[in-house]
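The entries follow the order in which I looked things up.

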Amino acid sequence: MKRTIVGPFSLPEVLAAGAALAAAIASIAGFVPGLYRDRAVVIEQTHGYDAGNLVVVAALLVGLGWSIRSSVRGRLVVIGALGCLVYSYVTYAFLIVLNPVTLLYIAVLGLAGWSVITGLLRFDEGEIEPIERGRFVSRATGIFMILLAVVFASNWLRQIGAGVAGGHLPADLAANGWPMNPVWVLDLGFVLPLFAIGGVGMLRRRPYAIPVAMAVLVFMALLSITVLCMAVAMAVAGQTLDVALLAIFGIVLVVSTVLAAAWFRPPRPAERRQAIGRLGTSAPA
C-alpha cells in the first residue's frame, strides 16, 4: 500500500514519534515532587505507571526503527505499543487532577490514536500472509486471547455487579476518589471484544487475525510490565503487596512474550518458500 510520506517518514511514524516524545516528557515530569495533586494512593499508582510508560516508549522507539526500514513486524510493534499508551493515558487525561502536563496527556492520546488509525489503513493481506506460523502457535495464540477476554470480562462484570447490587462504590474506586474505573470501560467496550474476535479468527486461521494477534501480544506484554511497575511502586510506598496481581500479570507477561517471540522471529526458509508459493511474489521483509 502506498505510504503517506512526511519527509523521510510516513505519517503514522511521525505521529507515533510525537506520541513517544510527549509520553516520555510526561512520564519523567511525573516524578517531579508536587506535580500530581491527587490522593496519595493515586500518586503512588501513577508513579508506577510513569515508570512502565517509559518502557513502553522504549519499545515504541524500537518498533519505529524497524518500521522506518519498511518492516511489517516493526509496524505491528508500534501499533501494540501505541495501544498501550492510549490505554494508560485515557486514565491520565480523564481522571488525573489537572496539572502542568495535562496537555501532554491529551497530546499522547491524540497522536497515538491517530497513528494507530492511519497505520492500520496501510496494511493489506499480501503483507500479512508471509508472517503465518504453524497450527500450534496459531491455536495457542487464539486460546490465550479468548481466555484473556473471558477471565477479565468475568472479573470486571463481577465487580460492577457487586457495586450496583450493594449500592456502593467498590473499595478501589472509593479509595481513589473516582466515580468510575476507565479500565472497565476500555476493556468491556473495546479491548476484550477485540481479543475475542482476534482469538476466534486465529483458531479459524483467518488472515485478518494475524496482525490483530501480533499487536495484542505486544500490547499485553507491555501492559503487564506497566501493571507490575504499579504494584511494585505501591508496595515501596508502604501499601500491601498484591501477590495475586503480581502472579496474574507475571504469567500474562511470560505467555505474551513467548508467543510474541514466535510470531516476530524472522521466517524460516521453509516458511518463506511456502509463503512465496501462496502469494506468487516475493515476501516482504
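Below are my notes, from the whole chain down to single residues.

**Overall**

I note that the model is predicted. I looked up the secondary structure and found 11 helices and 2 strands. Read from the N terminus, the order is β-β-α-α-α-α-α-α-α-α-α-α-α. The protein has 285 residues, and 48% of them are buried. I then checked the contacts with a separation of 6 or more: 78% of them join residues 24 or more positions apart.

**Helix α6**

I took α6 next, residues 135–166. Its 32 residues reach 46 Å from first C-alpha to last, close to the 46 Å expected at 1.5 Å a residue. Which residues of α6 are buried? I list V137, S138, T141, G142, F144, M145, L148, A149, F152, A153, W156 and G163. An α-helix has 3.6 residues a turn, so residues three or four places apart point the same way. The cover over the buried residues of α6 includes α8 (182–203), α9 and α10 (243–264). After α6 comes G167, with a positive phi near 70°.

**A262, in helix α10**

I looked at A262, which sits in α10. Leaving out neighbours within four places in sequence, A262 is in contact with R133 and V137. V137 is one of the buried residues of α6. A262 and R133 are 129 residues apart in sequence, yet their C-alpha atoms are 8.1 Å apart.

**Helix α9**

I checked the length of α9, residues 209–236. At 1.5 Å a residue its 28 residues should span 40 Å, and the end C-alpha atoms are 40 Å apart, so the two values agree. Is α9 mostly covered or mostly uncovered? It is mostly covered, with 21 of its 28 residues buried. G238 follows α9 and has a positive phi, near 110°.

**E44, in helix α2**

E44 lies in α2, residues 40–68. I looked for a salt bridge and there is none, although E44 is buried. The nearest side chain of opposite charge is that of R39, 12 Å away. What does E44 touch, not counting residues up to four places away in sequence? I found A233, M234, A237 and Q239.

I noted two residues here. S70 has a phi near 65°, positive in a residue other than glycine. S70 lies in the loop between α2 and α3 (72–95).

R205 is not a glycine either, and its phi is positive at about 55°. R205 is in the loop between α8 and α9. Its relative accessibility is 35%, so R205 also counts as partly exposed.

**A nonpolar patch**

Last, I looked at the surface. F9, V14 and I68 form a nonpolar patch there, with about 210 Å² of accessible area together. F9 belongs to strand β2, residues 9–10. F9 has 33% relative accessibility and therefore counts as partly exposed.

Terms used. Residues numbered from 1 in each chain as written. Predicted model: local features only at pLDDT ≥ 70, side-chain atom pairs only at ≥ 80, totals over all residues. Heavy atoms only, no water. Helix = DSSP H or I, 4+ residues; strand = E, 2+ residues; numbered from the N terminus. Expected span 1.5 Å × (residues − 1). Buried < 20%, exposed > 50% of the residue type's maximum accessible area, 1.4 Å probe, protein only. Patch = residues over 30% accessible without salt bridge, like charges linked within 9 Å, V, L, I, M, F, W, Y side chains within 5 Å. Areas by Shrake-Rupley, 256 points an atom, 1.4 Å probe, with all protein chains shown as cover. Salt bridge = Lys/Arg side-chain N within 4 Å of Asp/Glu carboxyl O. Contact = heavy atoms within 4.5 Å. Lys, Arg positive; Asp, Glu negative; His and termini not counted.
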